[in-house]
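Please look at the sequence and the structure before reading on.

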Amino acid sequence: MNDVIIIGAGPAGLSAAITCAKNGLSSLVIDEYLKPGGRLLGQLYEEPSGFWWNGIKESESLYQEAIELDVQIQLNTSVHNIEKENNYWIIYTETGIIYSEQLLLATGAAESPIPVPGWTLPGVMSVGAAQVMTNVHRIKPGERGVIIGVNVLSAAIAMELQLAGVKVASLTLPKMNKVTQDAAQPGEVLDSLLHVSHMAPSKVIRFGSKLMNNDVMKKIGVSFYPKQGFKMWDIPIQLRKAVIEICGEEAVTGVKIATISANGEVVKGSEEHIDCDFICIAGGLYPLTELAAVAGCPFYLVEELGGYVPLHNEQMETPIENLYVAGNITGIEGAKVAIKQGVIAGLTISGNAGVSGLTQEIRRAIKLTEQTRDNAYIQFHPDVKKGRKAIQEKWKDCMSTAP
Amino acid sequence: MSERIYDHPVLGALKENEYVTFSFNDEEYKGLKDESLAAALLANGIRTLRHHEETGRPRGVYCNIGHCFECRVKVNGKSGVRACLTPLKEGMVVESGGKLPTPVRDWRAENE
Ligand SMILES: Cc1cc2nc3c(=O)[nH]c(=O)nc-3n(C[C@H](O)[C@H](O)[C@H](O)COP(=O)(O)OP(=O)(O)OC[C@H]3O[C@@H](n4cnc5c(N)ncnc54)[C@H](O)[C@@H]3O)c2cc1C
Ligand code: FES
């Protein structure tokens, strides 16, 4: 039996495994993907210092460190159920059942779709799918694409596509309906875009977004560019237009796009067609929590963290004994925060496995995570700290009323 | 078309170069060893991986990371395999699924 099993070989899972191994625990990391690194693999951007954050390299170095510390890593293995019996965990995988005393869930995040008519046609994919095709598999998702959904992730990926020589014809909104709501409101979207304006890989690009940096300009930005939109990183961003239909019979051939009013309604007669051979849908990320749910962990809806998150404390423990969580399963943030959370989880697990004298180190790791959060380059939600606080409050409430 | 990106301004030149042969719906194709089956198919211009079991409409890769199950194909006789999670191997036999018969529904439609 393993001391600890970690589900997810993303940045959180790998850094937790490394930390456990350093403390003498035997750990097994399971992942259904064919490469270690999780969603870190696809990430590629230039930091203000000029350093390129290359997810493939970062994943490789985490993986190497884990291997050198004798961490076992089993890829191509999906976990579909977990159970607890007599103080140990039973983990059901596609290739068999395995057991461990402690279990860390580091399953990351998934993308929400936006159900635009025609979205099941071949050639329509999530924006993360295009990121993985381009940066990990090195295959262009198509020649010319339209991205539906304007947010931090889609803006970053639009830039990555462009870097790889893939044309992005437009970054635009979905037509407003009950599902899309905020994502179809030009004002809301522009607000959220301000959080990526610093990510531009060249000086030219920064101009457009700096212009937007106060409320007055934002309003002008929305109403002044009613039809033509503006450009960020040379990609046309059209906040006054929305894709109302994805066209094609056997595969995507284009989109029907229309002008929308400031509050998201379609202006009749304004429809036009854009040719393209692929579409990316960017509906945002939510924590991938099914396994925590089958384990019986309580959940709370915390919008600032991206949706329903399993209850956990600062040490990454859940209310269920010997069950831990780290990384995006606890809230949507970047890979650097996930790595730091993995360290906390690894230390807590080691402590609970009997390694003594870790209290100081855990406290330091928690501080370091907060600092990393404060300096985060990509922030998926501006109020993530508020969200973190909310879940800690819930933890306190639950623990004080626990029998 | 969806070409391979041999040279990337930041990631550099493509290092993998071992090609293997596989088949999809009885046609032969080449792809890079251990790349995902979904990627190998797309690199060969194949976007439609299956047809919806009920409507018969074409389906392709959606999430590319194992979450949506849109990319299910039959691999070496095993059905329901996610192409985006499957590493490509020499001689792989891949087939796409078609529309399933729905006799009950047809019967009702005719008798309404
Ligand atoms: C599509 C997508 C794109 C993203 N792009 C960016 C970006 O460009 N920049 C950025 O800063 N952040 C991005 N993120 C956020 C990203 O999730 C974090 O940056 C970071 O990778 C989170 O690390 P993690 O270890 O928590 O999870 P992940 O990196 O998501 O790793 C989780 C791992 O768990 C595995 N897994 C999940 N469920 C199971 C199961 N049942 N059985 C077996 N294995 C399982 C997955 O295969 C995956 O490898 C993206 C997220 C997604 C979903
Ligand atoms: S494309 Fe979503 S599971 Fe393969």
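Which pattern does chain B follow when read along the sequence? Chain B runs β-β-β-β-α-β-β-β-β-β-α, and its secondary structure comes to two helices and nine strands. Helices (H or I, at least four residues) and strands (E, at least two) are DSSP runs, numbered from the N terminus.

This is a predicted model, in which local features need pLDDT of at least 70 and side-chain atom pairs count only at pLDDT 80 or more, while totals for chains, interfaces and linings use all residues. Residues are numbered from 1 along each chain as its sequence is written, chains are lettered from A and ligands numbered from 1 in the order in which they are written, and side-chain values use heavy atoms, with hydrogens and water left out.

**Confidence**

The pLDDT is the predictor's confidence in each residue, from 0 to 100. Chain A has a mean pLDDT of 87, and 84% of its residues reach 70 or more. Over residues 197-226 of chain A, however, the pLDDT is below 50. Beyond near neighbours in sequence, this stretch has 42 contacts in the model, a contact being heavy atoms within 4.5 Å. Where pLDDT is low, the predicted coordinates should not be read in detail.

**Chain B as a whole**

Chain B has 112 residues, of which 45% count as buried. Buried means under 20% relative accessible area, exposed over 50%, and partly exposed in between (1.4 Å probe, protein chains only). Among the contacts in chain B with a separation of 6 or more, 43% join residues 24 or more positions apart.

**The interface between the chains**

The size of an interface is often given as the accessible area lost when the parts come together. Between chain A and chain B the buried area (the accessible area, 1.4 Å probe, that two parts lose on being put together, summed over both) is about 3400 Å². Carbon and sulfur atoms give 57% of this area. The contact takes 43 residues from chain A and 39 residues from chain B.

Across this interface the rule finds 10 residue pairs in polar contact (both at pLDDT 80 or more). A polar contact is a pair of N or O atoms within 3.5 Å; within protein, one must be able to donate a hydrogen and the other to accept it, and residues adjacent in sequence count only if both atoms are side-chain atoms. On the side of chain A that touches chain B, at least two residues each come from β4 (52-54), β9 (109-111), β10 (124-126), α3 (127-136) and β17 (278-281). Helix α3(A) gives the largest share, six residues. The residues on this side of chain A divide into 23 nonpolar, 11 polar and nine charged. Here Ala, Val, Leu, Ile, Met, Phe, Trp, Tyr, Cys and Pro count as nonpolar, Asp, Glu, Lys and Arg as charged, and the others, Gly among them, as polar.

Thr134(A) is found in helix α3 of chain A. Is this residue, Thr134(A), buried or exposed? Thr134(A) is buried, with a relative accessible area of 1%. Leaving aside its neighbours within four places in sequence, Thr134(A) is in contact with several residues, including Leu161(A), Ala164(A) and Ile5(B).

**Salt bridges**

A salt bridge is a side-chain nitrogen of Lys or Arg within 4 Å of a carboxyl oxygen of Asp or Glu. A search of the whole structure finds 18 salt bridges over all chains, and three salt bridges lie across the interface of chain A and chain B. The table lists some examples.

| Glu3(B) | Lys140(A) | 3.7 Å |

Glu65(A) lies in helix α2 (residues 55-68) and Lys22(A) in helix α1 (residues 11-22) of chain A, so the pair ties together parts that are 43 residues apart in sequence. Glu65(A) is partly exposed at 32% relative accessibility, whereas Lys22(A) is exposed at 56%.

Glu70(B) and Arg50(B) are both buried. These two residues also belong to a network of salt bridges that links Arg50(B), Glu53(B), Arg59(B), Glu70(B) and Arg72(B).
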